Every structure is written in C-alpha cells, then in structure tokens.
Amino acid sequence: MTIHDEYRTKHAKSAALWERARRSIPGGITHDIRHLSPFPTYIERAGGTRKWDVDGNEYIDYWMGHGALFLGHCHPAVVRAVQAQIARGTHLGGCHELEVRWAELVTQLVPCAELVRFTMSGTEATHLAMRVARAHTGRSRILKFTGHFHGWHDGAVAGVNPPYDVPMSAGVPGATLDQMLICPPNDIKAVQLALERGDVAAVILEPAGGQSGTTPTIPGYLQELRALTTRHGVVLIFDEVITGFRYSPGGAQAYFGVTPDLTTLAKIVSGGLPGGALCGRRPLMSLLAFRGDPDWDRSQRVAHAGTFNANPLCASAAIATLELCADASLQARANKAGEELRRNLTEAMKRAVVPGTCYGEASIYHVSFEGKPGLAGPDRPRRSALYHLLRCALMNNGVDSSMEAARADGRRRRGFSSCSSAVCSQAAAFTTRPSRTSAACASCPSTGASCATAMARSSSWTSTARGCSRTRWCASRRRSPSAPSS
Ligand SMILES: Cc1ncc(COP(=O)(O)O)c(C=O)c1O
C-alpha cells in the first residue's frame, strides 16, 4: 500500500469534510499552511501532547497550534483562567486589570520591552512595528531578508520564498513592494550597502534565522547588525513571533544576548488564544501615546486600533502561560527534548538511507531532504511533493509534525519511534526522485513560518557574491504577479 493509499484509508471522514468544505471555503482551508495533498486531516479535539481526528486517529502533536501552545493542549492553569474569565465577560468595552498584568509580564521577561501594545496577531504586530519605525525615523523603506516571514500584510510579502523577486501573494501594489529592500541573510556587507542609501527606517528579521531558523543566523551576525543599525540611526526589529518565550523566557534576544529596539510577538505571548504584541524602547513606543496636544494627537501620533486588542479572555490565557514561561527550566526541558528528537530523526534517516537531514535549535526541528542550507538559504522552491508525502506518512504513523518538543514527559518516546518508523518504513518513497512524485502532490503555495517544523528547505545558493547582486536586482526590478511596479 502506498503512503497515499494508507492516508486515504485512515482518513475517510476527513476526505468527506474536505469535499464539503470546498463548497463554502476557497480551497477548503483557512490558512495556506494547512494545504496538504491529497487533503487535510480534520481534528476533533486535543489534550496535553495528543490530538484526535474525526476518524478516531490519535496523534502525538509536534505542531502544537502552529507553535502557539508551549504548554501543550488544554494546560490546566490556562483552562482554569479562561473558564473563570468567560463567565465574567469576553469583551468589557474598556480597560481592565488583566491587560495591565499581561503588559507587566512582557516587560519583565523581554529585554527590550519598556512598553507594550497588544494586537490580535503577529501579522498586525509586524505591521505596527513598521509604522512606528517609519514615524520615528521619517524614512520609508524597510529592509528585510530573503526567506524571512513576517506575516501576510502587504508590507511583508516581498522576498519570502524563492524566486524572491515574486512576492508571496498576488494583489499587492508595486508601490508598496518598492518600499521593501531585500538582502540575503548572514551578509552584513549587503546590509551596510543598503543602509548607506539613507532611506531605510528599519531592519526586520527573525533573529534565529528565516522561517523559524530554517536558514540559521550565523554567530556574531546579530551583534554586527545591532552595531550597524545603531550607527545609521535605523530601527532594529526582532520578529519573535516564533522565538519569543520559546528560546528562553526572554526569547531569542535573551538567548543570543542582543537587544533590538522593537520586538514583535504572537503565539505564546497570548497563551494559545488569538493575540500578538509590539514591545520596545520607550521613545519609540511612546509614539503611540496621546499627549493632550491636539497637533501631536491628530497628526504626529502613531494610530493603532483593534476591537479585540487585549481582550480579557486572551489576556487571562496569556497571564497563566507567561507566569509559567518565566521559569527557565521549562525552556531547558523543551530544548533538551528538541535535541533528542533531532538526534533520533537524523539516526532514523541514516538507518533508512533516506537522503535527508534533521537540524535546528532550541525546541525547533527541521527536516530537509536537500541537506542543511548554506548561509544564504534556498534559491529555488523546495521539492514540496516530498514534504507533503512525509507529513502524510507521519500522520499514518500517529504523528503530526511540528516544531514543538515542549512536553518532555515519558509519552514523548512514542513520538520519536513513530517519527522514525514513518521515515524508515517509507524510505523507498522518500528516496524517489521528486520528478516522479510531483504529479501526485500539488505544490505548497506558502510554507510560511511554522512549517519550519518538519519542512525545511535547503540551499544550493553558496556564493555570497551572487547573493549580493541578486539583492540589488530584487530591490530595483521586483516583479508582482498581478500588480506590476510602475
Ligand atoms: C516569524 C513570524 N512572524 C509573523 C507571523 C505572523 O503571525 P500571525 O500568524 O499571528 O499573523 C508568523 C506566523 O507564523 C511568524 O512565524
């Protein structure tokens, strides 16, 4: 039986739901990352390290709410907090004490956080960060790196996936794309050249590397970036939507010892419920505050709204989560589990003679069939058919792949052996040349951030010089599939 035959047999009710979904939802899915060939699995319930689908299959969950559930599903402290709050109101139409406590926790834990503003997602947080940086500097351009993901708003869709001159989405005006400068990662000279233009407001990056560390940041690079941005008066933004509270209680900035000006947060920051945050240095964050001066308040202040910002339900889950995340032994345990998982998967692939590798940092793991990427990351789309196949094989073996290795209890062992058996038992399929399997699987349009889990890409882009010239080309001749630059 092939992987897909087994997947179809084990997921009949999911197949029927997907057929039904496609009648009322475009493509049948509500997030690009849930695109899976031949069809997605429909999950019914979850608890702790496990989840169960509509066909009654049980999974060890390494996906964990796209990385939002650092404590696992339905942690008792979070459930208690949310149950207590839901009976008191989900939207109080005013300020409340929980948002104050939530903000205090963020400022206590995140090194750069002198002040915090809550949003409803990571996408909103990066959008707001760029607006604050532009208001602060009076400059318009934002520098980002190829392969780095900062959500789906118009100002963040450039240079996410190869080919980098084609934005992640159609429907974005060329004028907006022109406000982005794209550099290859880990190339400080390319950044220096770009900053010398004098029109850059901010440099934004995932500090541990693009798409959850798929192309890891090299040692010393963050320090160099910090010094360079300071020298040019450019705002340094760390997008810690993934790494925040995961790498350490203070996120990647505490882990690497480099403090940015602004930090964007989501996922863990709101305890597995919807939410996000922008935090940072007081002079920048104060641009959001009313001063009672009509001119400032109306025309100089950075405006920010959002009906559900810091709603008490999300705040209650966030407080329960962050109070636990303040204990560094939690991250240490998750990181150790991540290390063990990476080692076991690497050995399993070696044993099965699968041409792949497993790598990563902290509690994140990446599986790559093309080898560990070089410094500049991938320069071509990954062979997505193989990764779709791997995910189906993992699900057939009772594992949903994710970057999460947070619950270091005894049950984790089965996760390792199930991952291994998925890889080993299906070794022949994974050694198949991609050209022979691509017909069976549609390509994944957005592998996005959290798909860094088991779906890493690798690089054949080894020349830094080539990276530099491509950067300039990207900056000056960027194409948009539906909205050509004028
Ligand atoms: C690094 C990074 N930034 C921003 C986002 C967008 O966050 P959200 O999905 O909450 O809009 C993500 C999502 O995975 C992310 O990984």
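**Note on the predicted chain**

1. The chain holds 20 helices and 14 strands, taken as DSSP runs (helices H or I, at least four residues; strands E, at least two) numbered from the N terminus. This is a predicted model, in which local features need pLDDT of at least 70 and side-chain atom pairs count only at pLDDT 80 or more, while totals for chains, interfaces and linings use all residues. Residues are numbered from 1 along each chain as its sequence is written.

2. Of the 486 residues in the chain, 53% are buried. Buried denotes 20 or more other C-beta atoms within 10 Å of a residue's own, exposed 12 or fewer, and partly exposed the range in between, with C-beta atoms placed from the backbone.

3. Helix α8 (residues 188-195) has Ala-190, Val-191, Ala-194 and Leu-195 as its buried residues. These lie on the same side of α8 because they cover an arc of only 130° around the axis, the arc being that of the directions from the helix axis to the C-beta atoms.

4. Helix α10 (residues 221-232) and α8 have axes that come within 11 Å and cross at roughly 10°. Axes are lines fitted to C-alpha atoms, for helices over the stretch in contact, with angles from 0 to 180 degrees between N-to-C directions. The two helices are therefore roughly parallel, a label for angles under 35 degrees. On the α8 side the contact involves Ile-188, Val-191, Gln-192 and Leu-195, and on the α10 side Tyr-221, Glu-224, Leu-225, Leu-228 and His-232; contact requires C-beta atoms, placed from the backbone, within 7 Å.

5. Arg-282 belongs to helix α12 (residues 282-285). Arg-282 counts as exposed because it has 10 C-beta neighbours inside 10 Å.

Definitions and conventions:
Parallel < 35°, antiparallel > 145°, perpendicular 65-115°, else oblique. Contact = placed C-beta atoms within 7 Å.
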